[in-house]
Amino acid sequence: GGSSVLPWYALNRSPRQWLGRLSRVAVTAAAERSPFSQAVLVAYDPFLDTARLVLLFGYAIVFGTAWGLAPLACMLCTAVEIRCAAFRLAALSQRPVGARVGGLGAGDA
């Protein structure tokens, strides 16, 4: 046998089967969460997600002149990154706590 990182059953699945399984896991995880089970989850920090997206934008700008498809590759990576961030927000982190504010802010004119 080969020295593969994935087990044999993972190699025989199509991408559609993988995506279907991931969506079922996400829906099940979100449906089974109670307020008490959310308390043990990690709080969501948007800084790393924003830093990753800024880094991908930098790659698109820097390498866009050297390789014309770099912006397309970065767009695909950004789409995957956004989906992963949505899964982290929906299933793997606490809900954000709302803060009471006095008005709408700058749009309150």
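Analyst: A residue is called buried when its relative accessible area is under 20%, exposed when that value is over 50%, and partly exposed in between. Please keep in mind that the model discussed here is a predicted one.

User: With that cut-off, is Glu81 buried or exposed?

Analyst: The relative accessibility of Glu81 is 16%, and the limit for a buried residue is under 20%. Because 16% falls under that limit, Glu81 counts as buried.

User: What share of the residues in the protein chain is buried?

Analyst: The protein chain has 109 residues, and the share is taken over these. The chain exposes about 9100 Å², of which carbon and sulfur atoms supply 69%. Buried residues make up 12%.

User: Which residues are linked with Asp49 in a network of salt bridges?

Analyst: Asp49, which lies in helix H4, meets Arg52 in a salt bridge of 3.0 Å and Arg88 in another of 2.4 Å, both given from N to O. Arg52 in turn forms a salt bridge with Glu81, where the closest N and O atoms are 3.4 Å apart. Since a salt bridge requires such atoms to be within 4 Å, these pairs qualify, and the residues linked with Asp49 in the network are Arg52, Glu81 and Arg88.

User: How many residues apart are Arg88 and Asp49?

Analyst: The side chains of Arg88 and Asp49 meet in a salt bridge. This pair links distant parts of the chain, with Arg88 in helix H5 (residues 70–92) and Asp49 in helix H4, and their separation is 39 residues.

User: Why are Arg52 and Asp49 separated by about one helical turn?

Analyst: Arg52 is partly exposed at a relative accessible area of 37%, whereas Asp49 is buried at 7%. Both residues belong to helix H4, and they are separated by about one helical turn because they are three residues apart.

User: Which residue has a side chain joined to that of Asp49 by a polar contact of 2.4 Å?

Analyst: Leaving aside residues up to four places away in sequence, Asp49 touches Tyr44, Glu81, Ala85 and Arg88. In one of these cases the side chains are joined by a polar contact of 2.4 Å, and the partner of Asp49 there is Tyr44.

User: How much accessible area does the nonpolar patch on the surface have together?

Analyst: The patch is formed by Leu55, Phe57, Tyr59, Ile61, Val62 and Phe63. One of these residues, Phe63, has its place in helix H4 (residues 46–63), and Phe63 is partly exposed, with a relative accessible area of 44%. Together the residues of the patch have an accessible area of about 630 Å².

Notes
Residues numbered from 1 in each chain as written. Predicted model: local features only at pLDDT ≥ 70, side-chain atom pairs only at ≥ 80, totals over all residues. Heavy atoms only, no water. Patch = residues over 30% accessible without salt bridge, like charges linked within 9 Å, V, L, I, M, F, W, Y side chains within 5 Å. Areas by Shrake-Rupley, 256 points an atom, 1.4 Å probe, with all protein chains shown as cover. Helix = DSSP H or I, 4+ residues; strand = E, 2+ residues; numbered from the N terminus. Buried < 20%, exposed > 50% of the residue type's maximum accessible area, 1.4 Å probe, protein only. Polar contact = N/O pair within 3.5 Å; in protein donor to acceptor, adjacent residues only side chain to side chain. Contact = heavy atoms within 4.5 Å.
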